Amino acid sequence: MRVLLVLLIACGVTQGSDHNAAFKSVRRAEFECGRYLGSDHDCAAYCEQLVLRSWNDEYGVLQARYGRHYRPNCDDYDYYNRTVDCIQRGTGPRDDFCCRSSVSKRCYLENYGHLEPTAPQILHMPKLRLRSNLEQCAQILKISEEELADYRAVLFQYPPKARCLLRCLLIREGLYSDQTGPDAHRTYIQCGGYGDTEEIFQRELRDCVASIWARYRDPCERAAHVVFECIPRDTSPNSLGTVVDDDPVTTTTKRPSTTTTTRRPRSG
């Protein structure tokens, strides 16, 4: 048993206190894809990025998710733009996903920062898993299918029981606790904010949550108003009764380069 536990840690598998949130490391993704495809397969990078839920066939590699596995140097303010340039110069035919993902992996390794292969990062939760979580929460709270359909129709804004369902969903996804509120890092990955940098998204989320904490005391009210007021509407957990369309913008738009850039906090 001890040997198995050591192997799981080394491969980057975590579970336990994060409810249904899932985490995976690059090393674990490489191990799994090696089992699926064999060694030195041309589509290994494509498989790895799919397993890490960091790839979309239309957009390519998804920076907000894949970039978590790398740590940029603290004095490197242009790593992002160099990576984008590299991907744009090297990308092959649009429908050759294996080639495109291999180019993306090479560009990240050469430009983005130091790869942290054994550090698990939270995985974006797909819609099927989200719907399962929602149905489980409804069962836990003894909410009927008819009631659930009614709550979805009004985006869980009322009655009070719908707000408690929303709170359960957030907790089950590993995004929220009554003690600390939303986890800003995980919420950025799952619920959007892709029009802003993570620093801006987290700062605005913290300010919004502080305002809600001052106005509400009930746990369900607090959780629901965090969703209603603090998360972008088109990607929020109450949107259509699920959470977020699968894949937003990727790493094709450059950012202004500046020596005063605030480094991204690392958490989770």
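Trainee: Why are helices α9 and α12 called roughly perpendicular to each other?

Mentor: In this predicted model, the axes of α9 (residues 160–172) and α12 (residues 219–230) cross at roughly 75°. Roughly perpendicular covers 65 to 115 degrees; under 35 is roughly parallel, over 145 roughly antiparallel, and the rest oblique. The angle falls in the 65 to 115 range, so the pair is roughly perpendicular. Axes are lines fitted to C-alpha atoms, for helices over the stretch in contact, with angles from 0 to 180 degrees between N-to-C directions. These two axes come within 8 Å.

Trainee: Which residues of α9 meet α12?

Mentor: Arg163, Cys164, Leu166, Arg167 and Leu170 do. Their partners in α12 include Pro219, His225 and Phe228. Contact means heavy atoms within 4.5 Å. The residues of this contact divide into nine nonpolar, one polar and three charged.

Trainee: What makes α2 oblique to α3?

Mentor: Helix α2 (residues 26–37) and helix α3 (residues 44–51) pack at about 125°, with axes 9 Å apart. That angle too belongs to the rest, so α2 is oblique to α3. Their crossing is right-handed. In α2, Glu32 and Tyr36 are among the residues that meet α3.

Trainee: Why does Lys24 count as buried?

Mentor: Lys24 has 15% relative accessibility. Buried means under 20% relative accessible area, exposed over 50%, partly exposed in between (1.4 Å probe, protein chains only). The value is under 20%, so Lys24 is buried. Lys24 is found in strand β2 (residues 23–24). A polar contact of 3.1 Å joins its side chain to that of Glu32.

Trainee: How do you know that Val61 counts as buried?

Mentor: Its relative accessibility is 2%. That is under 20%, so Val61 is buried. Val61 lies in strand β4 (residues 60–61). Its C-alpha atom is 8.6 Å from that of Arg100, 39 residues apart along the chain.

Trainee: What rules apply to the values?

Mentor: Residues are numbered from 1 along each chain as its sequence is written. Local features need pLDDT of at least 70, side-chain atom pairs count only at pLDDT 80 or more, and side-chain values use heavy atoms, without hydrogens and water.

Key. Helices (H or I, at least four residues) and strands (E, at least two) are DSSP runs, numbered from the N terminus. A crossing is left-handed if the near helix is turned anticlockwise from the far one by less than a right angle, and right-handed if clockwise. A polar contact is a pair of N or O atoms within 3.5 Å; within protein, one must be able to donate a hydrogen and the other to accept it, and residues adjacent in sequence count only if both atoms are side-chain atoms. Ala, Val, Leu, Ile, Met, Phe, Trp, Tyr, Cys and Pro count as nonpolar, Asp, Glu, Lys and Arg as charged, and the others, Gly among them, as polar.
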